[in-house]
Every structure is written in C-alpha cells, then in structure tokens.
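User: I would like to learn how to read helix packing and salt bridges in a model like this one. Could you take me through them step by step?

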Amino acid sequence: MKLPSLRDVGTEARLLLIGIPVFIWTMLPIYHMFLFAISPKEDAFAGKLWPAHPTLHNFHIVFYQQHYFLRDFWIQFWNSTVIAVSVGVLTLFIATAAAFSISRLRVPGGRWVMNLALFTYFIPAAFLAVPMYRTMGTYGLLNNHWALILAMVTISSPYAIWVLKQASDKLPVELDEAAVMDGATTLQLFRLVYVPLMMPSLVAIGTYALLLSWNEYLYAFLLLSGGKVVTVPVALGKFLVGDEAPWNYLMAAAIIYAIPPLLIYYGFRRKMSGGLTMGGVKG
C-alpha cells in the first residue's frame with residue numbers, strides 16, 4: 001500500500017484546520033437551539049453548556065399545543081406543507097415544460113425568455129415584496145394560500161428553468177430522433193423519453209422549490225397576515241412580541257418544524273447532487 005506523501009499530509013492538515021472551525025461555527029447555533037429546547041424556562045439563559053435538569057416537556061407543550069402562541073401549531077404546520085408541496089409541483093411543471101420547449105423543441109425566442117426570467121434575480125427578492133403585495137391585493141388574493149404559492153413559484157421558476165435547460169442540453173439528440181422515427185408524438189417524447197432521463201434533475205429542483213417555500217418568512221408575513229392561514233415561520237415570529245418570549249417553546253417548535261426538510265434532504269441528497277451537477281455550467 002502506497003504511503004501518503006508529505007504534500008498530501010500537509011494538504012489534508014490544512015483542510016482540517018479550515019474545516020473543523022467552520023464545522024464548529026456552523027453547529028453552534030443548532031446546538032444552542034437544541035439547548036434551549038431541552039431546558040426549563042428558568043435554566044434557558046443560565047449560560048451553561050448543558051442544562052442542570054434537561055427535559056422534553058417543551059416538546060410536549062408544542063405537540064399538544066398547550067401554550068397561547070401554539071394553539072394552532074398543527075394547522076399552521078399543515079398550511080406550510082400544502083404551500084410547500086404546491087410550490088414544488090407547480091415549479092416542476094412550469095420549469096420542465098419550459099426547459100423541454102427551449103432545449104428540445106427549440107421554440108423561437110425561448111432562450112430570450114429564459115434569460116429575461118433570470119434577469120429578475122438582479123433585483124433582490126425583498127425589493128419585490130411590496131409590488132407583489134399590491135399585485136395580490138389587486139386580484140383579491142391577500143390572506144389566501146394562493147398568494148404565497150404564486151409568489152414563491154415566481155421566485156423559484158427562473159432558476160429551475162435554467163438548471164433543467166442546462167441538464168436537458170446534455171441529453172443526446174439521437175434519442176429524440178429515434179423516438180420520432182418510431183412514431184412518438186411530442187407528448188409521448190416528453191413523457192416517455194424526456195421525463196425519465198431528467199428524473200435526477202427533477203428531484204433536485206422539486207426539493208429546492210419545496211424547501212425554499214417551506215422556509216420563507218418575508219412573503220408569508222406580508223401575504224398571509226392573519227387568521228388560521230399563516231405558516232409556521234410567521235407564527236413563530238409572533239413569539240417575540242412579548243417582553244418575556246418563551247424561548248424554550250420557540251426552539252422546541254423550530255426543531256419539530258426542521259425535521260421534514262431534514263428528512264427530505266437526507267432522503268434525496270444523492271439525487272439532488274447528481275441532478276444539480278447535470279444542470280451545471282455547460283461549456
């Protein structure tokens with residue numbers, strides 16, 4: 001077995017010197033969130049590395065909605081789920097159809113449309129929040145789930161189209177030609193050839209759009225301002241309005257809310273990395 005050279009050892013040591021502090025810095029907020037979640041209220045700000053009396057009572061309070069700010073937690077959780085899944089599905093449908101039309105059917109002006117859509121990213125999303133609010137108000141969609149769904153689809157679609165178009169360009173044209181020679185229609189070509197080959201990229205983009213809307217706060221706060229239609233991020237923000245915020249309940253709720261995207265990410269991480277690599281920069 002070949003022994004590593006001094007250069008290899010030095011390179012690995014430098015990577016560790018950089019990686020370990022970055023890992024610790026990244027994990028510190030997560031650790032403190034967990035620390036708050038398992039601490040009684042009186043021990044939450046004790047400044048200890050581990051609470052003297054760790055407890056799961058905070059999770060019990062959240063799970064059974066036994067606090068004023070948590071009385072509609074599962075309804076809000078359902079709102080977040082419906083909106084996130086809807087955004088993922090709609091973004092996938094729009095982006096897949098657009099990428100297929102631009103890359104495989106080569107519709108006239110398709111690339112211009114894609115580039116103009118990407119141009120919107122030069123404007124920070126926060127600056128578009130007020131115009132989006134006014135637009136949704138004009139069409140009577142405020143305080144309706146469709147307001148946030150349409151807003152998030154608008155934000156996620158340009159990037160999704162670009163990634164899928166780049167991945168689509170790498171598929172051999174001969175596959176399309178062979179399918180057409182066998183008598184396949186455009187819809188059959190899309191359904192039987194294009195979609196199966198693009199599945200890794202579709203999983204990556206669907207997950208991206210879903211997580212983007214799952215974690216959204218600003219647009220959710222503006223467009224879903226009251227009642228039982230709000231999402232969990234907006235509801236958790238209301239914990240901070242009082243002088244003595246129940247940080248232990250807030251952190252416990254945040255951990256529960258973080259579990260679904262964590263499971264989705266680790267369930268699809270290989271397909272996500274492969275799909276985004278397929279949609280990398282094309283030479």
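User: In which hand of crossing does α3 pass α9?

Analyst: Bear in mind that this is a predicted model. The crossing of α3 past α9 is right-handed. Helix α3 (residues 73–104) packs against helix α9 (residues 199–214) at an angle of about 140°, and their axes are 8 Å apart. Angles over 145 degrees would count as roughly antiparallel, so α3 is described as oblique to α9.

User: How many residues of the contact of α3 with α9 are nonpolar, polar or charged?

Analyst: The residues of this contact of α3 with α9 comprise 11 nonpolar and 7 polar ones, with no charged residue. Among them are Phe 77, Ile 83 and Leu 92 of α3, together with Leu 202, Ile 205 and Trp 214 of α9.

User: How many salt bridges are found in the whole structure?

Analyst: A salt bridge is read from a side-chain nitrogen of Lys or Arg within 4 Å of a carboxyl oxygen of Asp or Glu, and a search of the whole structure finds 2. In one of them, the side chains of Asp 176 and Arg 104 meet at 2.9 Å, N to O. Asp 176 belongs to helix α7 (residues 173–181) and Arg 104 to helix α3, so this pair ties together parts 72 residues apart in sequence. Both Asp 176 and Arg 104 are buried.

User: Where do Lys 165 and Asp 169 lie?

Analyst: Lys 165 and Asp 169 are in helix α6 (residues 145–169), 4 residues apart, which means that about one helical turn separates them. Their salt bridge has its closest N and O atoms 2.6 Å apart. Lys 165 is buried at a relative accessible area of 3%, and Asp 169, at 18%, also counts as buried, because the cut-off is under 20%.

Terms used
Residues are numbered from 1 along each chain as its sequence is written. This is a predicted model: local features need pLDDT of at least 70, side-chain atom pairs count only at pLDDT 80 or more; totals for chains, interfaces and linings use all residues. Side-chain values use heavy atoms; hydrogens and water are left out. Axes are lines fitted to C-alpha atoms, for helices over the stretch in contact, and angles run from 0 to 180 degrees between N-to-C directions. Helices (H or I, at least four residues) and strands (E, at least two) are DSSP runs, numbered from the N terminus. Angles under 35 degrees count as roughly parallel, over 145 as roughly antiparallel, 65 to 115 as roughly perpendicular and the rest as oblique. A crossing is left-handed if the near helix is turned anticlockwise from the far one by less than a right angle, and right-handed if clockwise. Contact means heavy atoms within 4.5 Å. Ala, Val, Leu, Ile, Met, Phe, Trp, Tyr, Cys and Pro count as nonpolar, Asp, Glu, Lys and Arg as charged, and the others, Gly among them, as polar. Buried means under 20% relative accessible area, exposed over 50%, partly exposed in between (1.4 Å probe, protein chains only).
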